[in-house]
Amino acid sequence: MASVTSLASTVDQRIADALSAALPEAGPADPLLRRSDRADFQANGILALAKKLKGNPRELATRVVSSLPAHGVIKDIEVSGPGFLNITVTDRAIIETLAARAADGRLGVPHAERTGTTVIDYAQPNVAKEMHVGHLRSAVIGAAMVEILEFMGEKVIRRHHIGDWGTQFGMLIQYLIEHPHELDHTGEGEGGTEVSGEEAMSNLNRLYKASRAVFDSDEEFKTRSRDRVVALQAGDEQTLALWQRFVDESKIYFYSVFDKLDMEIHDPDIVGESGYNDMLEETCRILEETGVAVRSEGALCVFFDDVKGPDGNPVPLIVKKTNGGYGYAATDLSAIRDRVRNLDATTLLYVVDARQSLHFKMVFETARRAGWLNDEVKAVQLAFGTVLGKDGKPFKTREGETVRLVDLLDEAVERATAVVREKAEKAGLGEQEIIENGQYVGIGAVKYADLSTSAVRDYKFDLDQMVSLTGDTSVYLQYAYARNRSILRKAGDATPVAHPELELAPAERALGLHVDQFGEVLGEVASSYEPHKLAAYLYQLASLYATFFEQCPVLKAETPAQVENRLFLCDITARTLQQGLALLGIRAPERL
């Protein structure tokens, strides 16, 4: 596996060298290279240099051009406007660079040397509660970042910080103790077989509703439930065993939902709130002894100069409550200690709702004051916005309840299957392939709608738009891939072969230059944690391929060499699309 230097990087280096040669007095300078509509690239860096050197930018630009070698990658360079450089590369350079990419299984994308460990905290459902639409974004965005970072060579450890601890378990466990027959329905389906995810959730919902009804109406049961919380926290054996049954039953359900999402979740990566219980007291003691946290009205708190309430008084991060109970902050800070100390984390990436931004800002600052985060270890919140309905309001059912994630995914697959079925006869699909592709298209549509939006922004959940064959949708990308593969299947004896000696049409050049940017886009996405930039790149790739398909006959090209070269462009485009979609967690069917 060998990384391939992109044309943009090559041109950037050539211009930088020419800048140094023509203007040695300026020192190292950035050409500020970017893609351009007027040529292949435009370099704008001379304007800033001219200001620094108090010179005429057009004259300086002319000197730089004269310092460039007249051969190699660059075909033409002209001075434009106040001192821009418009640069065109040779057709040969485009095809030779793509041929080098095609020869590599990773499409020439560099594989970084591992220098640290990233722990990603994502997909955090709650035990004994149904997953709803609000759980979608953390799972989808987090899984995409895991794939992208691992592909780029980083060591990644997944962590699913599930909500598996809290006062509600006192009520649930106490009810089970008093109604032991209810356990007969938990963990077994009909005939002793394992229950499905839906059955597991149905069991948990029934138990929750029954225990809640008694809790709200019976004061003595309420007291016993609160005592049961104390027993749970004290490690009572019977109480813990029943608590574990709730966790296990919930995992059956979680795995079924993640399976629908075509997402792998591994048991060792699930470390819930309970996983840090043994560290809570020590965390609080360290914070108090070091003066990071102080006692305020009986509670252990951390204060910040820039966090104040509406009354102007400081709002603290409460680590330990007045009654001796621990707040979420104690668990989150203990998790940071564990991940830094035991997992050797150098980056902690939290894929959590933007509405928790203040909490994590305070947690991270507290960890920095305690020395758990520093110049070598950083924590980042990849904050995401809210999923909205078509009306622009938080997504709810007609009855005003939160939408169940399973229902939403099932409807997406149902809609997508109808779209696939409409095209099935033309594509020659059998019933099994229709069903499989319906799942790939439906789940892909949900993921892409999420990932194509900047994470921090809210987005409207509109299934009609998501499964549309036109516009910025995963279906459009999947059809572009399938069309591409269809051409390659129909090629007969002709094979994809790069021909650098051929002259390229404008649509071929545009497609080739965009394919060449794949590695740079992935590098930017990995460093900025912005998967929507990969989605935007893939949509543009599919759009450029559509233009190429319309303007450049492939199998009916003028010469056998041109047929082979265009098949080569089809092949590397298909491979790039497939790889890019896979990194977003979206499958690309061969036929649609």
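A cavity, in the sense used here, is a set of grid points where a 1.4 Å probe fits but from which it cannot get out. A search of the whole structure, which is a predicted model, finds two such cavities of 30 Å³ or more.

**Overall picture**

The protein chain has 592 residues, of which 52% are buried, and its fold comprises 20 helices and 13 strands. Taken along the principal axes, the C-alpha atoms fill a box of roughly 90 × 65 × 45 Å.

The average pLDDT of the protein chain is 92, and 97% of the residues score at least 70. Residues 186–192 form a stretch where the pLDDT is below 50, although the model gives this stretch 12 contacts beyond near neighbours in sequence. Where pLDDT is low, the predicted coordinates should not be read in detail.

**The enclosed cavities**

The largest cavity holds about 40 Å³ of space, and its lining is made up of Arg101, Leu107, Val109, Val515, Asp516, Phe518, Gly519, Ile572 and Thr576. Two helices, α18 (518–528) and α20 (560–583), are the elements that give two or more residues to this lining. By class, the lining of the largest cavity has five nonpolar, two polar and two charged residues.

The second largest cavity has a volume of about 30 Å³, and the residues that line it are Ala123, Pro125, His160, Ile162, Phe254, Phe258, Ile265 and Ile270. Seven of the residues in the lining of the second largest cavity are nonpolar and one is polar, while no charged residue takes part.

The lining of the second largest pocket divides into 13 nonpolar residues, one polar residue and seven charged residues.

**Salt bridges**

Side chains of opposite charge can pair when their charged atoms come close. The model contains 38 salt bridges when counted by a 4 Å limit between side-chain nitrogen and carboxyl oxygen.

| Pair | N to O distance |
|---|---|
| Arginine 509 and aspartate 91 | 2.4 Å |
| Glutamate 130 and arginine 404 | 2.6 Å |
| Arginine 337 and glutamate 282 | 2.9 Å |

In the salt bridge between arginine 509 and aspartate 91, arginine 509 belongs to helix α17 (residues 506–515) and aspartate 91 to helix α4 (residues 91–102), so the pair ties together parts that are 418 residues apart in sequence. Arginine 509 is buried because its relative accessible area of 13% falls under the 20% limit. Aspartate 91 is likewise buried, with a relative accessible area of 13%.

Where do the partners of the salt bridge between glutamate 130 and arginine 404 lie? Glutamate 130 sits in the loop between β5 (117–121) and α5 (136–151), and arginine 404 in the loop between β12 (387–388) and α13, so this pair ties together parts that are 274 residues apart in sequence. Glutamate 130 is partly exposed, with a relative accessible area of 22%, and arginine 404 is also partly exposed, at 25%.

Arginine 337 and glutamate 282, whose side chains meet in a salt bridge, link distant parts of the chain, with arginine 337 in helix α11 (residues 328–341) and glutamate 282 in helix α10 (residues 280–289), 55 residues apart. Is each of these two partners buried or partly exposed? Arginine 337 is buried, with a relative accessible area of 6%, whereas glutamate 282 counts as partly exposed at 31% relative accessibility.

Salt bridges also join residues into a network, which is made up of Lys390, Glu411, Arg415, Asp462 and Asp464.

Conventions:
Residues are numbered from 1 along each chain as its sequence is written. This is a predicted model: local features need pLDDT of at least 70, side-chain atom pairs count only at pLDDT 80 or more; totals for chains, interfaces and linings use all residues. Side-chain values use heavy atoms; hydrogens and water are left out. Ala, Val, Leu, Ile, Met, Phe, Trp, Tyr, Cys and Pro count as nonpolar, Asp, Glu, Lys and Arg as charged, and the others, Gly among them, as polar. Helices (H or I, at least four residues) and strands (E, at least two) are DSSP runs, numbered from the N terminus. Buried means under 20% relative accessible area, exposed over 50%, partly exposed in between (1.4 Å probe, protein chains only). pLDDT is the predictor's confidence in each residue, from 0 to 100. Contact means heavy atoms within 4.5 Å. On a 1 Å grid over the protein atoms alone, a cavity is a set of points where a 1.4 Å probe fits but cannot get out, and a pocket is an open set with protein on both sides within 12 Å along at least five of seven lines; lining residues have an atom within 4 Å of a point. Grid points are joined across faces, edges and corners, and a volume is the space filled by probe spheres set on the points.
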